[in-house]
Amino acid sequence: MKFIVYNVRDDEIPFIEKWGKYHGIEVKYTTTTLNQETVEEAAGFDGISCLQTIQYSAELFESFKRLGIKYLSLRNVGVDNIDLPAAKANGVKITNVPAYSPESIAEFAVMMSLYLSRKVGYMRQQLDQKHEFHFSPNFMGRLISEQTVGVIGTGRIGQAAIKLFKGLGAKVIAYDKYPLKNTDNSFVYAKSLEQIYQESDIISIHMPATDDNYHQFNHEVFEQMKDTAILINTARGSIVDTDDLIFALQSGEIAGAGIDTIEN
């Protein structure tokens, strides 16, 4: 079997070579992004490995079929940028990473929560621009242990985030369209999303992007949230309406946002 690996970084090369040798697969790699033009580089290969955020379109999968490419192996978790019906129609099997370091993403979510709760950005701005530090209410942060954290999505990452937030003493309420049958009493599920919106001081999003949750966080939701609330999104950008978020921040509907992803 022969595989070509697109979007390769220098630090990935030793792992790719080791993978090919271990599995007896002939491997070629390139720094090129996969698209309708560069797919021609994959002629003669059985499969393609990729890590990119642009769309895998129906036209691309038609080219896969024309070139005899039967596999697309993703080096990431999300599949929301893939035309899955087109892949199936053209006989292309898709694989993805089931999970990678949920703790890393959970720690990043908690780090942004602390950064905003303790007003680190404001303090740095005052120090860098005005060389000023003062004991005013503007410098006073909030303890995580005195806040209610709403976690939306209780998969691997959501559960890791819950553990960290609870370790800091927060009250955690959670929501998931498909709730866990057993939480080991480590957290409680909210009765509704509205409860999450209205009661949470921090909302941390940890769910995949779907048609159902496109722009779930919009003007109507921001109006329901506390004006002291913080939104954390380390999931998918399409879940948050960017224009409505900017308005919510500028108008004071919510107090802050920690964003690790943005739509489009």
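Select helix α2 (residues 58-67), where Leu60, Phe61, Ser63, Phe64 and Leu67 are buried; buried means under 20% relative accessible area, exposed over 50%, and partly exposed in between (1.4 Å probe, protein chains only). They lie on the same side of α2 because they cover an arc of only 150° around the axis, the arc being that of the directions from the helix axis to the C-beta atoms. An α-helix has 3.6 residues a turn, so residues three or four places apart point the same way. Helices (H or I, at least four residues) and strands (E, at least two) are DSSP runs, numbered from the N terminus.

This is a predicted model, in which local features need pLDDT of at least 70, side-chain atom pairs count only at pLDDT 80 or more, and totals for chains, interfaces and linings use all residues. Residues are numbered from 1 along each chain as its sequence is written, and side-chain values use heavy atoms, with hydrogens and water left out.

Next, turn to the other side of α2, where Lys65 and Arg66 are exposed. Then display β3 (47-50), β4 (71-74), α3 (84-89) and β5 (93-95), against which the buried residues of α2 pack. Just after α2, select glycine 68, which has a positive phi of about 80°.

Now move to helix α4 and select serine 113. Is this residue buried or exposed? Serine 113 counts as buried because its relative accessibility is 0%. Beyond its neighbours within four places in sequence, serine 113 is in contact (heavy atoms within 4.5 Å) with Ile144, Phe165, Ile202 and Ile232.
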